[in-house]
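Here's a quick look at how some strands pair up and what lines the pockets. Have the structure open as you read.

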Amino acid sequence: MTDMAFNDRSTPLSLLTTRRSGKPRDLIAPGPRPDELAQILSIAARTPDHGKLAPWRFVIVPWQARAKLAEVITTAYRAERPQAGATEIAALEQFAHQAPDLVVVLSSPRTDSHIPLWEQELSAGAACMNLLHAVHAMGYAGGWLTGWPAFSDAVRDAFGTAPERIVGFVFIGTPGRPLDERPRPDMGQIVSTWNG
């Protein structure tokens, strides 16, 4: 398994079979050009979507806005946890400055629709996964993170309003070191056959 070539783009199946996220802290330039990022987001939007609601949004956070993002995150964290130490704050600042490109994916449910909220949220997750597939198909690597910032209403408010929620921060770039495999589930434990 250690000799596996990750994100093998030779065929669609080989890409799916070898897909591996990059750790955002290890992603370096170059990231996608603006036209490539536009194509990646267009592909991400081609996701299962019952009712054709597009119950998700993509917010690009350019590099020059990362210091402001770090400020939003650390201010929100300090408001919630006034006793936060310097190490916690430094980790949150580093979070905002990972990788050359960042797309914040929001679940943006249409509460006026008859489509169940759960289905809309699943569609938002699928859009995030499609985004990663597109990133890897373009020859880059991406990492989908949540962490404390994804669950903070104050951080969410920088990008949208309730009932929207942050699905994830998708960091995009070029691997700065070789990708390595992670533990995968035992298929015998997660696959079964139902016979009635």
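## Strand pairing around S5

In this predicted model, S4 and S5 run antiparallel and are joined by five bridges. One spot to look at is Trp144, whose bridge partner in S5 is Val170.

## The largest pocket

What is the volume of the largest pocket? The figure is about 320 Å³. Its lining takes in 15 residues, and Arg20, Ser21, Gly143, Trp144 and Arg182 lie nearest the centre. Helix H5 (117–137) and strand S4 (141–145) are the elements that give two or more residues to this lining, and S4 makes the largest contribution, with three.

By class, the lining of the largest pocket splits into six charged, five nonpolar and four polar residues.

## The second largest pocket

The second largest pocket holds about 160 Å³ of space. Residues lining this pocket include Ser107, Glu121, Ala124, Phe151 and Arg165. Here H5 turns up again, this time with strand S5 (165–175), as the elements giving two or more residues to the lining.

Five residues of this second lining are nonpolar, three are polar and two are charged.

Notes. Residues are numbered from 1 along each chain as its sequence is written. This is a predicted model: local features need pLDDT of at least 70, side-chain atom pairs count only at pLDDT 80 or more; totals for chains, interfaces and linings use all residues. Side-chain values use heavy atoms; hydrogens and water are left out. On a 1 Å grid over the protein atoms alone, a cavity is a set of points where a 1.4 Å probe fits but cannot get out, and a pocket is an open set with protein on both sides within 12 Å along at least five of seven lines; lining residues have an atom within 4 Å of a point. Grid points are joined across faces, edges and corners, and a volume is the space filled by probe spheres set on the points. Helices (H or I, at least four residues) and strands (E, at least two) are DSSP runs, numbered from the N terminus. Ala, Val, Leu, Ile, Met, Phe, Trp, Tyr, Cys and Pro count as nonpolar, Asp, Glu, Lys and Arg as charged, and the others, Gly among them, as polar. Two strands pair if DSSP finds at least two bridges between them.
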